[in-house]
Amino acid sequence: MVVRAGAGSGGHRGGLPIIKSLATQIITGPWFMFFASLLISSTTGAAQMFGLYSGDIKNALGYNQTTINLLSFFKDLSTTGILAGLIAEVTPMWFVLFDGAVLNFFGFFMIWLALTKRIPPPSVWQMCLYICIGSNARAFPDTGCSVTSVKNFPQSRGVILGILKAYYGLSAAIITHLYQALYGDDSKELILLIGWLPAIITLVFVRTVRIMKATRQGQANNLKVFYKFFYVSLCLAAFLMIIIVVEKKVTFTQGEYGGAAAVVLILLFLPIVIVIAEELKVWKAEQAILDDPSPMKVITETPTPETVASLHQPASSSEAVEAKVDQDQANVSCWKTAFQRPNRGEDYTILQALLSIDMLILFLVAICTVGGTSTAINNLGQIGASQGYPKGSINTFVSLVSIWNYLGRVTTGFVSDIILSKYKFPRPQLLTLIMLLSCLGYLLIAFNSSGSLYVASIIIGFSLGAESSLIIVIISDIFGLKYYSTLYNFRNLGSPIGTYIFNVKVAGNLYDKEAMKQMLTQGITRKHGEDLNCTGTECFKLTFLIIAGATLFGASVTFILGLRTRKFYKSDIYKKFREGQNESEAEMATAGNGAVAAVEDPKTG
């Protein structure tokens with residue numbers, strides 16, 4: 001016989017068991033996982049703050065601008081990103097996060113020891129090693145949070161990566177306010193703060209960030225929830241922006257900075273309210289099934305031959321074929337399939353992706369875009385000083401870059417998903433438009449006018465955030481999610497190449513050349529170990545004209561990628577994820593109601 005049962009009665013519970021059940025639902029749910037990822041991302045922006053403490057390194061260790069830019073190159077080396085991705089392929093995410101926390105603390109702690117004279121002055125190669133370890137440790141939590149979130153919510157990848165990268169973009173402004181509240185203007189202590197704070201936050205949530213099964217709420221509801229996270233982040237960004245404007249008019253005391261930092265922390269933790277509300281809905285739905293008082297109804301009926309056959313059939317022929325295909329693919333050497341490119345959107349192997357023309361184009365784009373914007377951000381301190389801005393304005397530039405970096409990341413995440421779903425507009429074409437916008441920021445720096453660096457900071461910050469978010473979403477679109485942990489970080493390899501070319505070879509050498517020219521004109525001889533300073537627009541003019549030209553070339557290459565992928569983006573790129581989610585929800589429903597059980601409608605009796 002076939003048994004048809006009601007939902008059954010789980011019994012009425014009260015008091016402590018209910019609280020424990022609800023707390024477990026919240027802490028182990030996917031929304032708390034996403035909230036933890038946001039907090040981790042909000043503390044990993046130390047690389048954006050190099051302009052705040054590079055002056056201390058320059059003065060304390062007697063470096064010239066070329067040496068500072070060499071340190072900046074190692075800060076953006078990003079080779080650990082590939083390592084983090086490979087480790088994530090074979091280990092749990094908690095191990096990836098733990099590695100990042102340890103490396104971050106070690107690197108910045110050693111730099112702090114050197115600047116505060118607690119250890120003998122290190123050699124240049126040692127400082128390069130320390131800053132490479134500390135700054136690039138962010139790749140581990142970045143990989144853990146981003147890859148896990150995308151795999152948990154694959155149909156909302158643009159929105160998810162936009163929000164996560166947005167909090168990363170805000171992290172420099174957040175940490176700046178915290179350090180001003182804790183240490184005042186002692187920027188050496190900032191280095192210690194960005195050593196221990198990200199490490200502690202990551203370790204607290206090290207077991208929370210993990211891959212989960214699809215939720216029953218559906219894509220439409222998930223998108224509504226992400227909009228709530230987005231609105232909270234907008235409030236945080238707006239408050240930070242207001243503080244920046246007020247700082248231009250009023251001099252804050254350390255206590256007032258403490259009050260501002262308290263508001264920042266409240267807004268930072270406010271999304272926990274969204275988490276509790278959403279997990280409460282899921283918990284109530286599950287309790288309604290468990291506590292349904294409707295009586296058990298057992299109805300006997302003679303099973304049909306088809307039903308009996310289905311119960312004894314081990315697997316469908318299609319499932320068997322799929323399993324055989326997967327097994328055959330696993331037995332084939334990756335080198336033999338390296339040039340057998342699957343369709344865009346399918347799961348590429350690592351070699352297939354790395355050897356594809358699409359990845360080569362994205363690699364060139366990363367060199368032109370991230371290399372150029374990183375050069376501008378890393379030299380904000382020196383650019384501001386050379387153009388006569390006070391030190392307080394330089395702090396403002398860093399905060400402006402951070403906030404508009406946030407806006408670039410979050411808006412392009414939402415906008416790219418919206419225009420893709422409604423108008424089938426390829427993401428690479430949107431990236432082309434963003435790159436053209438960034439050229440305007442470089443020209444504003446090159447042809448300095450009154451207050452133009454404020455506008456340039458806004459444009460460059462927005463462009464960096466938008467470009468970074470779009471590149472990693474395009475990688476997930478074209479090459480699939482199976483090896484996303486590694487492919488996600490491959491785009492980072494273009495960043496150090498671009499940074500080395502534009503920052504070290506172009507910006508550093510041209511700055512030092514102009515500085516030496518000014519010293520000779522003034523009849524000054526540079527002493528050994530004395531820092532080298534340049535003043536005037538000419539210090540960076542040629543540098544940013546070169547960067548603007550390279551970015552224009554990158555925009556033309558991105559336009560070609562848009563033409564290559566136009567047909568792909570016209571198709572339904574999320575179809576397979578919807579089908580997978582429906583199967584997952586069906587399995588969860590079957591597990592909840594019994595393998596051969598069906599809920600009978602009381603009205604039909």
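## Reading the model

A crossing of two helices is called left-handed if the near helix is turned anticlockwise from the far one by less than a right angle, and right-handed if clockwise. Helices (H or I, at least four residues) are DSSP runs, numbered from the N terminus.

Welcome to this predicted model, in which local features need pLDDT of at least 70, side-chain atom pairs count only at pLDDT 80 or more, and totals for chains, interfaces and linings use all residues. Residues are numbered from 1 along each chain as its sequence is written, and side-chain values use heavy atoms, with hydrogens and water left out.

## Helix α1 against helix α13

Let us start with α1 (residues 16-28) and α13 (residues 271-290), whose axes come within 9 Å and cross at roughly 125°. Axes here are lines fitted to C-alpha atoms, for helices over the stretch in contact, and angles run from 0 to 180 degrees between N-to-C directions. That angle makes α1 oblique to α13; angles under 35 degrees count as roughly parallel, over 145 as roughly antiparallel, 65 to 115 as roughly perpendicular and the rest as oblique. The crossing of α1 past α13 is right-handed.

On the α1 side, Ile-18, Ser-21, Leu-22, Gln-25 and Ile-26 take part, and they meet α13 residues that include Val-275, Leu-280 and Trp-283. Contact means heavy atoms within 4.5 Å. By class, this contact has eight nonpolar, three polar and two charged residues, where Ala, Val, Leu, Ile, Met, Phe, Trp, Tyr, Cys and Pro count as nonpolar, Asp, Glu, Lys and Arg as charged, and the others, Gly among them, as polar.

Helix α3 (residues 50-61) packs on α10 at an angle of about 120°, and their axes are 9 Å apart. This makes α3 oblique to α10, and the crossing is left-handed. Leu-52, Tyr-53 and Asp-56 of α3 touch α10 residues, among them Leu-190, Ile-191 and Ile-194. Five nonpolar, one polar and two charged residues make up the contact.

For α17 and α21 the angle is about 160°, with axes 10 Å apart, which makes α17 roughly antiparallel to α21. Their crossing is left-handed too. Among the residues that meet here are Leu-362, Val-365 and Ala-366 in α17, and Ile-460, Leu-464 and Ile-471 in α21. The contact holds 13 nonpolar, two polar and two charged residues.

## The largest cavity

The structure has four cavities of 30 Å³ or more. On a 1 Å grid over the protein atoms alone, a cavity is a set of points where a 1.4 Å probe fits but cannot get out, and lining residues have an atom within 4 Å of a point. Grid points are joined across faces, edges and corners, and a volume is the space filled by probe spheres set on the points.

The largest cavity contains about 400 Å³ of space. Its lining has 23 residues, and Arg-138, Tyr-168, Val-370, Arg-409 and Ser-468 are the closest to its centre. Helices α8 (139-152), α9 (157-183), α17 (357-378), α19 (391-423) and α21 (452-479) each supply at least two lining residues, and the largest share, four residues, comes from α17. The lining divides into six nonpolar, 10 polar and seven charged residues.

## The second largest cavity

About 110 Å³ of space lies in the second largest cavity. Of its 17 lining residues, Thr-44, Asn-104, Arg-138, Pro-141 and Pro-198 are the closest to the centre. Helices α6 (93-115), α7 (124-136) and α10 (187-204) each supply at least two residues of this lining.

Definitions and conventions. On a 1 Å grid over the protein atoms alone, a cavity is a set of points where a 1.4 Å probe fits but cannot get out, and a pocket is an open set with protein on both sides within 12 Å along at least five of seven lines; lining residues have an atom within 4 Å of a point.
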